[in-house]
Amino acid sequence: MDQNSWPKDVGIVAIEVYFPSQYVDQSELETFDGASTGKYTIGLGQSKMGFCSDREDINSLCLTVVQNLIEKNNISYNDIGRLEVGTETIIDKSKSVKTVLMQLFETSGNHDIEGIDTTNACFGGTSALFNAINWIESSSWDGRYAMVVAGDIAVYATGNARCTGGAGAVAMLLGPNSPLVFHRGVRSIYMQHAYDFYKPDLSSEYPVVDGKLSVQCYVNALDKCYHMYKSKAKKMGISDNKSLVDSIDSFIFHSPYCKLVQKSFARLMLNDFWDDPDPDFANRYHGLEKYRDVTPENSIFNKDLEKDFMSSSKELFEKKTKPSLLLANQVGNMYTPSVYGGLVSYILSHTTEELQGKRIILFSYGSGLASAMFSLQFTKEDKMIYALQQLKDNVSHVKSYLEKRTKCSPETFSEMMKLREETHNSAPYTPVQSTDHLFPGTWYLTEIDSKHRRTYQRKQTVPNGNICEVETQVAKGIR
C-alpha cells in the first residue's frame, strides 16, 4: 500500500486507566512476610500494591475502563469499529472479555465491531494494539475508531513473588489525526519459546515462575529488540546518533518491578557502549573500559557490570524513564497494561507544552515469550494542541485517585487473597466483600449463578455528589 494513501497521523486519540481502590503498603508487607527491611521497597523499587477483592474480576475492570473512556470523551458507541482486549486473566476458556464488553454497546445498536481477545502473558495488549493500527491502515478500515483494552489481575501464591502483583486496566482510542502518533517502519519484534512464566493449572489464578530465567529472557529480548529498532530507526531517519539514548526523549518499559526498569535502561547504555566503535572513556564511559570485551551472554548476571552501568546512566534514567514509573511504583505490575500505565505516568509528569514534539520508545514484554519495541511522537503542530491537552486531561484524575485509595493491612490483604483462592471458579457464588470503597463509575461483580454466568452492577456519582447504585446500570445480559 502506498504510504501516501494511508490515514494521516495514526495513533492514540484518548487513553484511560483504572486501578483498584485499595492497596497494601510494601514496607508493611515486608514486615508481615518476614522479609528484610527494604527488600520490596528498595530492592524491587515498589511502594504500594493495588489488589482486587472478590467484587472485581477481569470483566469488571474492562467494563469500567471502557465506559469511563467513552463517557469522558463524549464518544458515541457507534463510532467504534474495532474493539480488542489483551489479557492473560482467564475466567472462561471460551467466552471472551470482548463479548462481555459488547453489552455496553447494546443500546446504541452497534454490533458491527471487529476484534476479540488476544493472549500471551503481558504482551496481549501490545498485540491488540498492533492489530488495531494494522486495521486502520488496511483496506478493511471503515473510517471508525479502534479501541484497545489491556487489563489484568496479577496475583501470586504466598511466597517471595506475591509482592510483585498488582491489577488494573488501560483503554486506548485509536484513529487518524491523533495527538500521539505511531512511527511507521520501526516496530521490532522478538519471540522465542521459553518456560519462564506460565499458567498451566487452569484451576488456579497463580502462575509457575522461574525467576532467574524470567529476568534472563526479559533482558535478552530487550537486547534483541533494541538492536533491531536501532537499525530500522537509522534507515527511517528517526535517529542518526551513535547512541539512541541521546536522541529519544523517553524510554518506557514493561515493569514487573521498578528496579528491573532501571536495570533495563542501563542495559540500553551498555548496548550503545558495545556498538560504539570509539567509546568516550573520558566522559560517558569513564571507568567502564574493563567491560569492553564482556559478551552479552556473560553480562546478564554480572553484578559489578550492572551496578556500574546503573551508576553511569542514573542521570539519564532520572530524566528519561523514572517519570514513567508512577503507576508501577504505586499500583504494581498490572501485566498487559503495565507499559501503557508507564505511558500514562509519563504524560502526567509533563505539561502539555513540554509534551509537544517529544519522541518516546516503548518496550513491551510477555513471558513465554513475545516482545516488541516501537515508538511514538507527541504532536508538535499548534493546531493539535487542544487534542493533546484533551489527551492529558483524560488522565488528570490519576494522582488524586491514588491518594483516595483505601489502605489495607497486610493481614487484610492476605485474607482477601485467601478468599480469592478458595472461591476461584466457584459457582454459584455471591461476593461477600463490601463495595463501599469502590471509586464512582466502577463496575463490580454481584453474582455468579450455578451455570457460572456472571452479573455486574455499576457504582455511579449522582448530581449531588453522593454515590448510589443505579439500577439502570444492572445489565441483565452481562453474565
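Helices here are DSSP runs of H or I with at least four residues, strands are runs of E with at least two, and both are numbered from the N terminus. What I am showing is a predicted model, in which local features need pLDDT of at least 70 and side-chain atom pairs count only at pLDDT 80 or more, while totals for chains, interfaces and linings use all residues. Residues are numbered from 1 along each chain as its sequence is written, and side-chain values use heavy atoms, with hydrogens and water left out.

Let me start with the backbone. Most residues other than glycine have a negative phi, and most peptide bonds are trans. His452, in the loop between S16 and strand S17 (454-461), has a positive phi, near 70°. With a relative accessible area of 46%, His452 is partly exposed, on a scale where buried means under 20%, exposed over 50% and partly exposed in between, using a 1.4 Å probe and protein chains only. Asn74, which sits in the loop between helix H2 (58-72) and strand S4 (80-86), also has a positive phi, near 50°, and counts as exposed because its relative accessibility is 72%.

Then there are the cis peptide bonds. One joins Gly368 and Leu369, with omega about 0°, and Leu369 belongs to the loop between strand S13 (359-366) and strand S14 (370-378). Another joins Ala427 and Pro428, again with omega about 0°, and Pro428 is in the loop that runs between helix H16 (410-423) and strand S16 (443-448).

Turning to the sheet, three strands form an open, mixed arrangement in the order S3-S2-S15, where two strands pair if DSSP finds at least two bridges between them. Strand S3 (48-50) and strand S15 (406-408) are at the edges, each with a single partner strand, so one side of each has no neighbour in the sheet. Strand S2 (residues 22-25) and S15 run parallel and are joined by three bridges, and within this pair Tyr23 has Lys407 of S15 as its bridge partner. Helix H1 (residues 26-33) packs on the sheet and touches S2, S3 and S15, its direction making about 60° with that of S2; contact means heavy atoms within 4.5 Å, and angles run from 0 to 180 degrees between N-to-C directions, with axes fitted to C-alpha atoms, for helices over the stretch in contact. H16 likewise packs on the sheet, touching S2, S3 and S15, with its direction at about 125° to that of S2.
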